[in-house]
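I opened my notebook for a friendly walk through this model. Below is what I looked up, entry by entry.

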Amino acid sequence: MIPDKAPKEDVFHGSEDLRRNAHVPSFEKYKELYVQSVENPAEFWGAIAKDFFWKSQHTGRFLDYNFDVTKGEIFVKCMEGATTNICYNLLDLNVHERKLGDKVAFFWEGNEPGDELTVTYRELLQMVCQFSNVLKSQGVKKGDRVSIYMPMVVELVVAMLACVRIGAVHSIVFAGFSAESLCERIMDSQCSLLITADGFYRGEKLINLKLLADEALQKCRDKGFLIQTCIVLKHLSTDPEALVSSHSPPAKRACPDLEQKKQTGKVRKAHPVPQVPWNPDVDLCWHMLMKGASDECEPEWCESEDPLFILYTSGSTGKPKGVLHTVSGYMLYTATTFKLVFDHQPDDIYWCTADIGWITGHSYITYGPLANGATSVLFEGLPTYPDVSRMWDIVDKYHVTKFYTAPTAIRLLMKFGNEPVQKYKRKSLKVLGTVGEPINPEAWLWYYSVVGEKRCPVVDTFWQTETGGHVLTPLPAATPLKPGSATFPFFGVVPAILNESGEELEGPSEGYLVFKQPWPGVMRTVYGNHQRFETTYFKKFPGYYVTGDGCSRDKDGYYWITGRIDDMLNVSGHLLSTAEVESALVEHKAVAEAAAVGRPHPVKGESLYCFVTLKDGLAFNQTLEAELKKQVREKIGAIATPDYIQNAPGLPKTRSGKIMRRVLRKIACNEKDLGDISTLADASVVDQLFQNRCCSAV
């Protein structure tokens, strides 16, 4: 599984300085710890658990599980019987026991340069306790679900940690998702309360979040589900009292938030402030509620396997899956992966550019870093605003040492050449990371050579919403690096590659990536639908967790992710369901049938290429194309907007009626070698589709 010796050819290594102080300083040490983690997980993880506070200790097996659907219900249990509180371990322990109260938890960097805020661990704890009391005053109790729909602000972290402090379960919805997507997730998890903001800017673009939240709540009401309370953060409007007392806040912001001005003395660029609708029967102002709240709140002690949060990820059926993570195992795993994969040191300044609305932001902006007492940059803006040097400006400004971003961002910035990067020093950087999708070797080498100046190892991490944390990843001082490879498994993770018959393949091979046993941070179920959990991840190959990804293993034992095997797309590092996109398209009155496939994109990784069959008598034109793109945007979100929509009078189907998507993928890419199409019911459809290809999709 793990080679006896690390390869010496065609690999890249970290610096000697890094290896001298690294937590895992060599390949030999990695292998020794890996063997221990697999053969004796209780000893390995038990030693790590001693760094955290437990109100009561676990009883029985440290990690218990069943991965075989033929032997009964699928389950994973970690440290059953133990009680703790993850917020207490992230904040109270750091402030009171580790004496890190005055250490910076977050440097918040707003959309506009100069719009900034510094929050220490003590200040974060006080805000979390205050908002915990706010939630309790609104009747939120242990086990209740709370929906959070917010921009990348410190209050988003406060809201999620306040939930877990009182034992409530947060369900964060990415602020780029539509009202329809928010409504669907609120209803699926039966949330009792919504937390949102007036709005935010992404570059020059205004996102009127409150308007979208109101639309989502109305959709919930129309479907018979009522949310009684919506807490609204003033982020853009000048005065929180104006937000409450008027339906039309000031049209321009003359000065920033007073608290922010007090700390930074800097004024944001004046942008138009959104019109904020206000429903006094439902809406409550965050700031007014916080004014009267105590900054002391005892944590709710939770069982190890109590729910921690629900996070929705796209499903191949089109209906998003509510991935459920639990308290103790997730805490241990995110803390450990963060510490070792980024080789975290006490004086590091860490920056993950992801949004907290995705699992990367949960695990590697909030939970993993705070569990290690880390200082992080929290960034609201875009990598290209106000110019394409923004990221490197921030790196120099805060002296960032560990930097974690997506291949999409790297490919985007590559287009502008080396000069925007090299006009900044970047001397503080020590480790670079990538997340969200496999990185192509060309982008890896640019990142390593230009951004990291050939002195910073690149940790190309593979994991999923479902895995909770990194499962295949290099360790910066221990693992020789191959551009584009996810390298080796993390501690406690046992991968295998299977063929279509479910047989394990040895040596160099390619097939389905599966895992043979659990690690503490793996998901426990799909919220409200355990059968779907078992069917999606365990039914195809009993005895294994099935990732849904293809994978190859080379002669040196390195793993290479080859992409999704099911009908999923990876657009800009975000997983999208083709069924979800198709469902949005066919809801249009003109569309009889739709099919969506991925097409390679030099920046986003994959782009959406859609085929639509119209109802009889209707013509395809630019107006209809614009309507269809708008419909997908409104139903799912801007990230799912199709790049191409092609008129398809017919679709390639088998005689049983199944759409042959591999043929559509070939057409989208203008590849004439279609392979065996003997099972097509009507082969003439293919020629027609090639003739109708979108002319811009060369």
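**Entry: helix 4 with helix 5**

I looked up the handedness first, and helix 4 crosses helix 5 in a left-handed way. I kept in mind that I was reading a predicted model. Helix 4 spans residues 86–97 and helix 5 spans residues 121–137, and I noted an angle of about 135° between them, with the axes 9 Å apart. That angle makes helix 4 oblique to helix 5. From helix 4, I listed Cys87, Leu90, Leu91, Asp92, Asn94, Val95 and His96 in the contact; from helix 5, I listed Tyr121, Arg122, Leu124, Leu125 and Val128. Sorting these contact residues by class gave me eight nonpolar, two polar and two charged.

**Entry: helix 21 with helix 22**

Next I turned to helix 21 (residues 661–668) and helix 22 (residues 684–691), which pack at an angle of about 30° with their axes 10 Å apart. Angles under 35 degrees count as roughly parallel, so I wrote these two helices down as roughly parallel to each other. Their crossing is right-handed. On the helix 21 side I found Val663, Leu664, Lys666 and Ile667, and they meet Val686, Leu689 and Phe690 of helix 22. I counted six nonpolar residues and one charged residue in this contact, with no polar ones.

**Entry: helix 18**

Which residues of helix 18 are buried? I found Arg532, Phe533, Glu534 and Tyr537 buried in this helix, which covers residues 530–537. I then checked what these buried residues pack against, and noted strand 15 (321–326), strand 23 (525–526) and strand 24 (545–553).

**Entry: Thr613**

I found Thr613 in strand 29, residues 605–614. Is Thr613 buried or exposed? Its relative accessible area is 10%, and buried means under 20%, so I logged Thr613 as buried. Leaving out residues up to four places away in sequence, I saw Thr613 touch Ala590, Val591, Ala592 and Glu593, along with Ala648, Pro649, Gly650 and Leu651.

**Entry: Glu116**

My last stop was Glu116, in strand 5 (residues 116–120). Its relative accessibility is 16%, so I counted Glu116 as buried. What does the side chain of Glu116 make a polar contact with? I found the side chain of Lys397 there, at 2.6 Å.

Definitions and conventions. Residues numbered from 1 in each chain as written. Predicted model: local features only at pLDDT ≥ 70, side-chain atom pairs only at ≥ 80, totals over all residues. Heavy atoms only, no water. Axes fitted to C-alpha atoms, helices over the stretch in contact; angles between N-to-C directions. Helix = DSSP H or I, 4+ residues; strand = E, 2+ residues; numbered from the N terminus. Parallel < 35°, antiparallel > 145°, perpendicular 65-115°, else oblique. Left-handed = near helix turned anticlockwise from the far one by under 90°. Contact = heavy atoms within 4.5 Å. Nonpolar A, V, L, I, M, F, W, Y, C, P; charged D, E, K, R; others polar. Buried < 20%, exposed > 50% of the residue type's maximum accessible area, 1.4 Å probe, protein only. Polar contact = N/O pair within 3.5 Å; in protein donor to acceptor, adjacent residues only side chain to side chain.
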